Amino acid sequence: MKIIILGAGQVGGTLAENLANEANDITIIDSDGTRLRELQDRLDIRTVQGRGSYPSVLRQAGAEDADMLIAVTNSDETNMVACQVAYTLFKTPTKISRVRANAYLARKELFGADGFPVDVLISPEQVVTRHITRLIEYPGALQVLEFSKGLARLVAIQATKGGPLVGHELSYLRTHMPKIDTRVAAIFRKDRPIIPQGDTIIEEGDEVFFIAGTDHIRSVMSELQPLEKPYKRIFICGGGNIGQRLAHNLENRYQVKLIERNRDRCIMLSENLRKTIVLQGNAANKDLLLEENIENTDVFCAVTNDDEANIMASLLAKRLGVRKVLTLINNPDYVDLIQGGEIDVAISPQQTTIGSLLTHVRRGDVVNVHSLRRGAAEAIEAIAHGDHRSSKVVGKRLDEITLPQGTTIGAIVRHNEVLIAHDHLRVQPDDHVILFLVDKTRIREVERLFQVGLTFF
């Protein structure tokens, strides 16, 4: 595909890296020449320096025959206008825009047939907020990903001492929990992927990815680590877009406190949030945290725009006795450094957002993409079309499908029912097939499996 990316920031750069590795023709536009040179040195891409919403700059980037425009600059207005220009002047087939301001997102009529011609709206704040909310709903999880409108979930969890399955073969799971169907899609041990077999032994410290129907998630988690008590008290550091959305999502189910430095922002938050206690101050102030009983808090979420402030406040909260720390980290180089130490989960907005962008780039009918382990692995939900003559998967049993190395089928969702993958299961037309790839370089082979071939009529 020929794709133009507007904006060479963290999201644009990460996206360019993902797509360039998959043999797409990528051009990236930004006004920052230094950043463009940095990307060009690393990646096989074209770059154009200039303002991305200008017709002349888009033409220079090859908009006349581009398949897709992905506008992810820091300016909502630039992104929206670029989509309008691409549609009016160049008839670009697919236009994706990042829009952050709730003032725009709340007015759906602004986008579509009679408004800005944006085919797909991406709001990183909404994606990150949903991601954090799911981690709070499932204490102990490292990642919780939804498929088929929430019917099935893929959960990453660290196997710890005391979990009944730790030290046993995977086949033990079936005998121990005969009424619950689940499948372990992948195991990462000391950062190396292991394709699970029935005789694979789960070791303490393994990062285990399993898939199950939403109703069974907690039961499976309890096999891999002693089940944590549900969270009650949440402390949010940072009252920006993510902090506000998170408080709004959680305040009816949890006791929520939010701390923000800016006085005017605090006033606005206290007027807009109904049950959240809003505090003005610095979350890295030990006395303030002790005053607010931080030692009795279940989860501390640091979601300001400043990585260093998030890390320092999180470390302090953990030392003062908070149970779990979730920290937003924009700089990808920091994520691997700090996850799993005193900070329980480091959240990368780029990696969380990238999946929703990749969903629209994948060939074949792909409805969900989740980027995992900082982009090394991927989980995708693809719809099977055609029949046994035109499709490489329809009509076949799962053990008859030749999957690329390092790829596993975790589950099939059929007519709103989750069927965990077993060898005897046959793929039917319109099945939603959920796959896990430990090696993302195999993505093209997976896409080809789900593309319908020509048949003789």
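Two strands are taken to pair if DSSP finds at least two bridges between them. In this predicted model, strand E20 (residues 407-414) and strand E22 (residues 432-437) meet that criterion with six bridges, in the antiparallel sense. Within this part of the model, Thr-407 is placed opposite Leu-437 of E22.

E20 and E22 belong to an open sheet of five strands, arranged in the order E18-E19-E22-E20-E21 with antiparallel pairing. Its edges are formed by strand E18 (366-372) and strand E21 (417-420), each of which pairs on one side only. From one strand to the next, the twist averages 20°. Helix H14 lies across E18 and strand E19 (377-383) and runs at about 155° to E18.

A further open sheet contains six strands in the order E14-E13-E12-E15-E16-E17, and here the pairing is parallel. Strand E14 (277-280) and strand E17 (345-347) are the edge strands, each pairing on one side only. The twist in this sheet averages 15° from one strand to the next. Strand E16 (residues 324-328) pairs with E17 in the parallel sense over three bridges, and Leu-326 stands opposite Val-345 of E17. Helix H9 lies across strand E12 (233-237), E13, strand E15 (299-302) and E16; its direction is at about 165° to E13.

The axes of H6 (residues 124-137) and H14 (residues 349-358) are 9 Å apart and form an angle of about 105°. H6 is therefore roughly perpendicular to H14, because angles of 65 to 115 degrees fall in that class. On the H6 side the contact involves Pro-124, Val-127, Val-128 and His-131, which meet Pro-349, Thr-352, Thr-353 and Ser-356 of H14. Four of the residues in this contact are nonpolar, four are polar and none is charged.

The second largest pocket has a volume of about 960 Å³. It is lined by 49 residues, of which Asn-74, Arg-100, Glu-125, Asn-305 and Asn-330 are the closest to its centre. By class, the lining divides into 18 nonpolar, 22 polar and nine charged residues. Several elements described above contribute to this lining: H6, H9, H14 and strand E13 (255-260) each supply at least two residues. At least two residues each also come from helix H1 (10-20), strand E2 (25-30) and helix H12 (307-319).

Methods: Residues are numbered from 1 along each chain as its sequence is written. This is a predicted model: local features need pLDDT of at least 70, side-chain atom pairs count only at pLDDT 80 or more; totals for chains, interfaces and linings use all residues. Side-chain values use heavy atoms; hydrogens and water are left out. Axes are lines fitted to C-alpha atoms, for helices over the stretch in contact, and angles run from 0 to 180 degrees between N-to-C directions. Helices (H or I, at least four residues) and strands (E, at least two) are DSSP runs, numbered from the N terminus. Angles under 35 degrees count as roughly parallel, over 145 as roughly antiparallel, 65 to 115 as roughly perpendicular and the rest as oblique. Contact means heavy atoms within 4.5 Å. Ala, Val, Leu, Ile, Met, Phe, Trp, Tyr, Cys and Pro count as nonpolar, Asp, Glu, Lys and Arg as charged, and the others, Gly among them, as polar. On a 1 Å grid over the protein atoms alone, a cavity is a set of points where a 1.4 Å probe fits but cannot get out, and a pocket is an open set with protein on both sides within 12 Å along at least five of seven lines; lining residues have an atom within 4 Å of a point. Grid points are joined across faces, edges and corners, and a volume is the space filled by probe spheres set on the points.
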